[in-house]
Amino acid sequence: MAESRKRKYDEAALRTLTRDDLEALEIGAGILGTGGGGNPYQGKLLALEALKAGYEMKILATDAIEADALCMSIGGIGAPVVGVERIREGREGLRCLTAMEELIRTPVDAIVCEEIGGANSMSPLVTAALGGLPILDCDGMGRAFPEMQMTTFSIYGHSSTPSVMCDLHGNAVIFSHAVSEVWHERMARACVVAQGGGAMLATAPMQAHFVHQFAIPRSYTKAIALGEAVIRARRQQEDPIAAVCDLEGGRRIFNGKITDLKRHLRGGFAVGDLELAGFDGWTGETASVAIQNEFLIFRRNGVVEVTVPDLIVLLDVDTGYPITTEMLRYGQRVAVIAIPCHDLLRSAAALEVVGPSAFGYPDIAFSPLPKAA
Amino acid sequence: MKRIGIDVGGTNTDAVLVDGERILAAIKVPTTQDVLSGVKAALSHVINAPAAAGIAVDAVMIGTTHFTNAVVERARLERVAAIRVALPTGRSLPPMCDWPRDLYNAVDPMIVMVHGGHEYDGSPLVPMNPDEIRDAAMRIRDAGITSIAISATFSPLTTECEVRAAEIVRSVIPDAKITLSHTLGRIGLLERENVAILNAALQSLGKTTVQAFADALSEIGVTAPFYLTQNDGTVALADVAAANPVHSFASGPTNSMRGAAFLTGLENAMVVDVGGTTSDIGCLIGGFPREANNIVHIGGVRTLFRMPDLLPIALGGGTIINPENGAIGPRSVGYRILTEAKVFGGSTLTTSDIAVAAGIVEMGDRDRVKGLDAGLVRATLARISEMVADNFDRMKTSAEDVPLIAVGGGAFLIPDKVPGASEVVRVENAGVANALGAAMAQVSGEVDQVFSGMSRDAALAAAETGARNAAVASGAAVDSLKTLEIEDIPIAYLPGGARRVRVRVIGDIAFG
């Protein structure tokens, strides 16, 4: 299909990612993962191997491509625990791209990231690199969420089918139509179990003007800047947590030590509750965090202070490195920071899908964090 | 039961001789460049101590930094072949793809990826092809490599592929030294494989080191079996340990904490081990250090070793005090304290000088710190107290007060009252807690696996049985086994109640 492909952007607008960018992205994507999204480390290795092999990763602003350009969103689907053992073959995303182009009989112009938080920040880069396409500097979540219908693309009316799902064996499954986004999620989830617990999924391509309007903007630039801030602060022995807050309009809302941790399974998700006892400026106070793959609800002294979709991030209090829900352990010393989510996640339509009630907290109303001036 | 414990540290080599729970002799000697002459000196001191006359030693436990040093120095490593049975998974991330270049070159690996491995539920990923492995084995043989690491997807769950691959390799290379990843690591293929490859690269060193210790012991006249201390505070018979050098990477801090538990009889307490440059604060649970759940880098290689969860603070007996403003550290005179500290005739003001001036401890020449400003001494001690209290609180996991055990050469710096501590416990012989910890070590067994298609209780029971069997295989007495830790984590997005279960059991060494 390559011969019929016409470039719909100005090459001068591309930013080519370096090794250092990927190192920073690993940390930044971990922060935006709000505890979930899987570990970006393996994805970073895959991206580094692609760089070593001579491929290039180029990001492009959403307004730097023609409005009718076709943009395909892609991400990994599956259980993170399976992913640490059953490592990607490496070309799953590329096979999704090829299968999609064959299915719709049209070349794709650019790749879009489904979820910037966690492991899914990296795999679209590899797909774009191997496919020789740019990747748009945006994503569908601005953080991590556990399910596919929770993208701004789905929320604002894009139907994610027909979609293509490819595993490491070379199997390709096409979902030609789902009556709703939730049905798509349900079918894909069943399919990935049959595929051994991990696969890549590409959703129906969108036109660039839709992406420009409804994607969370500048996701890669932001994530890389976050990672750079942590790395720089550590190198200069400054406070990495303050650096993160400065950059994203976040606030440190608690310093505490994990005093209790309960985990259980509910409907296939890792659900849990975390209790914290404060130190530094929070000595004598307690806090709790409710978890469903990601950190969802933060309470201080029993009172709800921050809720999904605003970002609740736990960082190692000394290093500033993000802590995922699997890494949680009694006695860990963490800083909790709250970052306001993008306005696209705060509309009534969005809150229906990604607000507290969507996660089983109908009694908790979303009260938006004030944005930094 | 008479045992000798030896701990080889960066600065000192410590040895103790114990009879049951009684300490008969203890010594601290400088660690020597060749390690062995220091060990011999320490050994012969405790063996020839008056209290040791006529005593037959039953066992010798040695904690050594030999293997860590080899990895860190990129020296004394041997060439390795790494076989991964996992294709088509991981094709784009070959073994050792994230190793530091210099270490990669030092190991100079031959890397082979073949088809096979399993899924999370124990079903085969793709069939393993014996011919592929036989071909690889012949190439490895022709290259003259004899140390081989074998890994396979989900091998902690289903060992079949690794075991079968090893049989095939051995049929081609009968004298092969083979490390199977499932025997060393847990879930997490890249990290487990890294450990297996490090282990393979240390095979020759493991053998020569254990042989050298054996020679040293027989030169001194000790014929008792000897053990090497392990990362988790237990010991393994020297021959077993020689085959698994990676298990002896981090015994020092673990031994210290175990020694603190033994010296005080406290099983649940906090421990602060004050050295010359830094102090480590850790937490004892059931007599063992609480372990950190983090990625651990060894010589730049990513692993999932469980190491004691320690909070290091820049406070030691040699920590330098700024005489102008009283600022504490973070720099230290370290092992030069005996020449540079004021009380020893030097010109640098250290925490030890402050302690001597305040009358907390006696060492060197007290007259040399007589002129110190009383206000500076008081303020510095107050700040040290604050540092200890703050970091102690950071490591504490319960709101109730817990005892704090102070060990190590600089233990005098720990104040008698620490907020949140029910008491500060000091003991005799605190300086050789690490050697004592080695001497008193037990044997452990562990299982870390994904279980699916069974109830939580059944999964926990299966894991516990597996861990008990592993402990007995490592030399534990069955009737002394006790379960130290049970941890289970449900796995998201999978059916069949899949959960990852980890169980660790511990027992006394079965002698005879």
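This is a predicted model: local features need pLDDT of at least 70, side-chain atom pairs count only at pLDDT 80 or more; totals for chains, interfaces and linings use all residues.
Two residues count as being in contact here when their C-beta atoms, placed from the backbone, lie within 7 Å.

Leaving out residues up to four places away in sequence, B:Val16 touches B:Gly5, B:Ile23, B:Ala25, B:Ala26, B:Val46, B:Val432, B:Ala435, B:Leu436 and B:Ala439. Together with A:Ile337, B:Val16 has the most contacts inside the largest nonpolar core, a set of 230 residues. The element that gives the most to this core is helix H1 of chain A (residues 19–32), with seven residues. Another core, of 48 residues, lies apart from it and includes B:Leu77, B:Leu184, B:Leu202 and B:Phe305.

The buried set is A:Ser123, A:Pro124, A:Leu125, A:Val126, A:Thr127, A:Ala128, A:Ala129 and A:Gly131. Just after H5(A), A:Gly132 takes a positive phi of about 70°.

Helix H9 of chain A (residues 219–235) has 17 residues and reaches 24 Å from its first C-alpha to its last, close to the 24 Å expected at 1.5 Å a residue. Its buried residues are A:Ser219, A:Tyr220, A:Lys222, A:Ala223, A:Ile224, A:Leu226, A:Gly227, A:Ala229 and A:Val230. Just after H9(A) comes A:Gln237, with a positive phi of about 55°.

What do the buried residues of each helix pack against? The table sets out the partners, which belong to chain A.

| Helix | Elements packed against by its buried residues |
|---|---|
| H5(A) | helix H2 (40–52), strand E3 (70–78), helix H4 (92–104), E4, E5 and strand E8 (198–202) |
| H9(A) | H1, strand E2 (58–60), strand E4 (110–113), strand E5 (135–139), strand E10 (216–217) and helix H10 (240–248) |

**An enclosed strand and an annotated stretch**

Why is strand E16 of chain A described as largely enclosed? Five of the six residues in this strand (residues 311–316) are buried, so the rest of the structure largely encloses it. E16(A) pairs in the antiparallel sense with strand E17 of chain A (residues 333–339), over six bridges. One end of such a bridge is A:Asp316, whose partner in E17(A) is A:Val334.

The UniProt record, an unreviewed entry, places the feature "domain: S-Me-THD N-terminal" at residues 20–176 of chain A. Over those residues the chain is 36% helix and 18% strand, with the end C-alpha atoms 40 Å apart.

**Where the chains meet**

How many residues of chain B are in contact with chain A? There are 32, and they meet 36 residues of chain A. On the side of chain B that touches chain A, the elements giving two or more residues are helix H12 (374–395) and strand E22 (482–490) of chain B. H12(B) supplies the largest share, three residues. By type, the residues on this side of chain B divide into 17 nonpolar, seven polar and eight charged.

Helix H12 of chain B also holds B:Asp390. Is B:Asp390 buried or partly exposed? A buried residue needs 20 or more other C-beta atoms within 10 Å, and an exposed one has 12 or fewer. B:Asp390 has 13 within 10 Å, so it is partly exposed. B:Asp390 and B:Pro419 are 29 residues apart in sequence, and their C-alpha atoms are 8.8 Å apart in space.

Technical notes
Residues are numbered from 1 along each chain as its sequence is written. Chains are lettered from A and ligands numbered from 1 in the order in which they are written. A nonpolar core is a set of buried Ala, Val, Leu, Ile, Met, Phe, Trp, Tyr and Cys residues joined through C-beta atoms within 7 Å. Helices (H or I, at least four residues) and strands (E, at least two) are DSSP runs, numbered from the N terminus. Two strands pair if DSSP finds at least two bridges between them. UniProt positions are given in the numbering used here, feature names are shortened, and annotations may be inferred rather than shown by experiment. The expected span of a helix is 1.5 Å times one less than its number of residues. Ala, Val, Leu, Ile, Met, Phe, Trp, Tyr, Cys and Pro count as nonpolar, Asp, Glu, Lys and Arg as charged, and the others, Gly among them, as polar.
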